[in-house]
Amino acid sequence: MSLFDSPDFDNHESVTFFSDEASGLRAIIAVHSTVRGPASGGARLWSYDSDQDALRDVLRLSRGMSLKCAMADLPLGGGKAVIMKPDGAFDRTAMFTAYGACVERLGGQYITAEDVGVTPNDMRAVRTQTRFVGGLPEGEAASGDPSPITARGVFMGIKACVERAFGRDDLRDMRIAVQGLGHVGSYLCGLLHEAGARLIVTDVDLDAMRDAEARFGATTVEPDAIYDQDVEVFSPCALGAIVNAETLPRLKCKVIAGGANNQLSTPAFGEQVLDAGILYAPDYVINGGGIINVAAEISGKYDPEWVDQKLDRLIDTLGEVLDAARAEGRPTNFVAEDIARSRIVRPEPAPAPAE
Ligand code: NAD
């Protein structure tokens, strides 16, 4: 299928394919929108089964970033990069240095940061080639790993959902299933554990599971069994498209609220989630903490108070979305998308000056 006919293509401003023979880099950078400001979004390093899968991922993720930045009311547009993870050993510094040169070639249209599989240290290599990078481990305005702020936003968002679904303002003894114990998932588990929630968790990484048992008293289950748990809240914090026709009938929760991007198999699937009586926190609203943190860095002066205020406002916005969706009887992600799109409006081109 051609790029323009793909259902994931959403009038993206540009999609650029890069390769660098010396380092083995193969990457795609998608700029969905620069209407609100430079397109921003992390770079994902992943073993894709095919180029089509990688393209699909970058199209969907970059679109999500435009919606996310609009919902967090940031002066940023949406973009994303995917880097094909080589099969064997590779020189990570060389690859991310080459990637930095690609970002530089886009001349500031796209500002990169970390996503799945990418670390602040990788961003250090990127910085040797371009200033269009956030999530750095050091430097005047460096914000480092955005995951703790993302996890804090997800935690606040879970509370907002629980309040609406169960009429409770605390999480004591609530059963919460967390899928994925990486950067976001593990910080989130810490906050949920402190709040007295009972955790049922999974990961494909056995060490992460043992760690969650020891640190959070979590019950661990096989990755596929996470959908069958008797829980109040399901919190996806791994990869996308995990709420789909196969998994939805298995879910027993009343709330889906987690950090992963693109949780629904398609945006239209929001209808089925609503019909199943589940309150879904749109992913690009609840997980906007990380991009708020990166935006603070991009502004040139990292101010933690500004980050806190933006995060509070974002979770208020999530509450407004949930309430409007209930009042209108519509899927939460439809309501969120309407708000986001109303905030991404390209100004009319100025008329040519008179002769
Ligand atoms: P990560 O790579 O640190 O963690 C992902 C975890 O999921 C890993 O531990 C991995 O082993 C696990 N996993 C992979 N496949 C799994 C499966 N089938 N079942 C269970 N676990 C599985 O990534 P992260 O930074 O924690 O991000 C997690 C999700 O949140 C991603 O979708 C990412 O795009 C999204 N997100 C992250 C941030 C951030 O600040 N890091 C911000 C917004 C959104």
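Colleague: Which atom of the ligand does a polar side-chain atom of H183 lie 2.6 Å from?

Modeller: An oxygen atom. To read a polar contact, look for a pair of N or O atoms within 3.5 Å. In this predicted model, the pair made by the H183 side chain and a ligand oxygen is 2.6 Å apart. T150 also has a polar side-chain atom facing a ligand oxygen, at 2.7 Å.

Colleague: Is it the side chain or the backbone of V184 that has a polar atom 2.8 Å from an oxygen atom of the ligand?

Modeller: The backbone: one of the polar backbone atoms of V184 is 2.8 Å from a ligand oxygen.

Colleague: How much of the ligand does the protein bury?

Modeller: Start with the ligand on its own, which exposes 830 Å². The protein then buries 83% of that area. The space that the ligand takes up is the largest pocket.

Colleague: Which elements give two or more residues to the shell around the ligand?

Modeller: Those are α4 (147-166) and α5 (183-194). Looking at domains, both domain 1 (14-65 + 78-127) and domain 2 (147-341) supply at least three residues to the shell.

Colleague: And how do the residues of the shell divide into nonpolar, polar and charged?

Modeller: There are nine nonpolar, eight polar and four charged residues. Of the 21 residues around the ligand, the ones that come nearest are T150, H183, D203, A238 and N261.

Note on methods
Residues are numbered from 1 along each chain as its sequence is written. This is a predicted model: local features need pLDDT of at least 70, side-chain atom pairs count only at pLDDT 80 or more; totals for chains, interfaces and linings use all residues. Side-chain values use heavy atoms; hydrogens and water are left out. A residue is near a molecule or strand if one of its heavy atoms lies within 4 Å of it. A polar contact is a pair of N or O atoms within 3.5 Å; within protein, one must be able to donate a hydrogen and the other to accept it, and residues adjacent in sequence count only if both atoms are side-chain atoms. Accessible areas come from the Shrake-Rupley method with a 1.4 Å probe; for residues, only the protein chains shown count as cover. On a 1 Å grid over the protein atoms alone, a cavity is a set of points where a 1.4 Å probe fits but cannot get out, and a pocket is an open set with protein on both sides within 12 Å along at least five of seven lines; lining residues have an atom within 4 Å of a point. A molecule sits in a cavity or pocket if more than half of its atoms lie within 2 Å of its grid points. Helices (H or I, at least four residues) and strands (E, at least two) are DSSP runs, numbered from the N terminus. Ala, Val, Leu, Ile, Met, Phe, Trp, Tyr, Cys and Pro count as nonpolar, Asp, Glu, Lys and Arg as charged, and the others, Gly among them, as polar. Domain bounds come from an automatic or database domain assignment.
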